[in-house]
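Work through the exercises below with the sequence and the 3D view side by side. Try each task before you read its solution.

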Amino acid sequence: MKARHKRLAIILGALASLGVATALILNALNSNIALFVTPTEVAEGKAPQGAAFRVGGLVKPGSLKRDGLTARFVVTDTAKDIPVAYTGILPDLFREGKGVVAQGKLTPSGEFTATEVLAKHDENYMPPEAKHAVEQAHKAGVTLKQ
């Protein structure tokens with residue numbers, strides 16, 4: 001085999017290895033992505049079916065019910081609501097009427113089963129997507145009653 005053919009074989013092998021490594025990395029990243037969806041988008045059927053995603057908004061006042069470690073509450077963007085069930089210990093900053101982001105899957109019955117719940121970290125914090133959804137709902141004339 002000539003030196004030119006050896007160099008070409010090495011370059012082609014390196015490109016093939018790089019392509020396989022890139023495909024594996026993209027596949028791993030794709031399986032770990034959790035899209036953010038508002039309750040209005042869930043109601044419109046825009047939520048991923050059978051895949052994990054994040055839903056965010058405000059915890060509807062008066063909706064929190066606890067049964068042992070299972071907490072049930074409603075997340076709202078002031079236009080639409082989505083019931084959420086979470087088994088585990090809620091964050092210390094979790095409160096009714098405050099911002100929350102829950103990650104999990106939507107059940108066929110329409111309830112969101114959360115595997116993780118994130119609460120605001122200071123008095124003014126709300127996820128940007130949830131804040132935008134709440135602002136849009138307020139512009140449409142819908143308010144959150146406490």
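**Exercise 1. Find the partner of Glu111 in a salt bridge and say which parts of the chain the pair ties together.**

Solution. 
- Step 1: Apply the rule. A salt bridge is a side-chain nitrogen of Lys or Arg within 4 Å of a carboxyl oxygen of Asp or Glu.
- Step 2: Find the partner. Glu111 pairs with Arg72, and their closest N and O atoms are 2.7 Å apart.
- Step 3: Glu111 sits in the loop between E6 and E7, and Arg72 in strand E4, so the bridge ties together parts 39 residues apart in sequence. Strands (E, at least two residues) and helices (H or I, at least four) are DSSP runs, numbered from the N terminus.
- Step 4: Glu111 is partly exposed, at 22% relative accessible area. Arg72 is partly exposed too, at 40%. Buried means under 20%, exposed over 50%, and partly exposed in between (1.4 Å probe, protein chains only).

Before you go on, note the ground rules. The model is predicted: local features need pLDDT of at least 70, side-chain atom pairs count only at pLDDT 80 or more, and totals for chains, interfaces and linings use all residues. Residues are numbered from 1 along each chain as its sequence is written, and side-chain values use heavy atoms, with hydrogens and water left out.

**Exercise 2. Which residues of the largest nonpolar core touch the most other members?**

Solution. 
- Step 1: Define the core. It is a set of buried Ala, Val, Leu, Ile, Met, Phe, Trp, Tyr and Cys residues joined through side-chain atoms within 4.5 Å.
- Step 2: Name the residues. The core has 19 residues, and Phe73, Phe112 and Val117 touch the most other members.
- Step 3: Find the suppliers. Strands E2 (53-59), E4 (70-76), E5 (81-87), E6 (99-106) and E7 (112-119) each give this core at least two residues.
- Step 4: Zoom in on Val117. Leaving out residues up to four places away in sequence, Val117 touches several residues, including Phe73, Tyr86, Phe94 and Val100. Contact means heavy atoms within 4.5 Å.

**Exercise 3. How many aromatic pairs are there, and how are Phe73 and Phe94 arranged?**

Solution. 
- Step 1: Use the rule. Rings of Phe, Tyr and Trp (its six-membered ring) pair if their centres lie within 6.5 Å; planes under 30 degrees apart count as stacked, over 60 as edge-to-face and the rest as tilted.
- Step 2: Count. There are two aromatic pairs.
- Step 3: Classify. Phe73 and Phe94 are edge-to-face, with 4.9 Å centre to centre and 65° between the planes.
- Step 4: Locate. Phe73 is in strand E4 and Phe94 in the loop between E5 and E6, 21 residues apart.
- Step 5: Check burial. Phe73 is buried at 2% relative accessible area, and Phe94 is buried at 6%.
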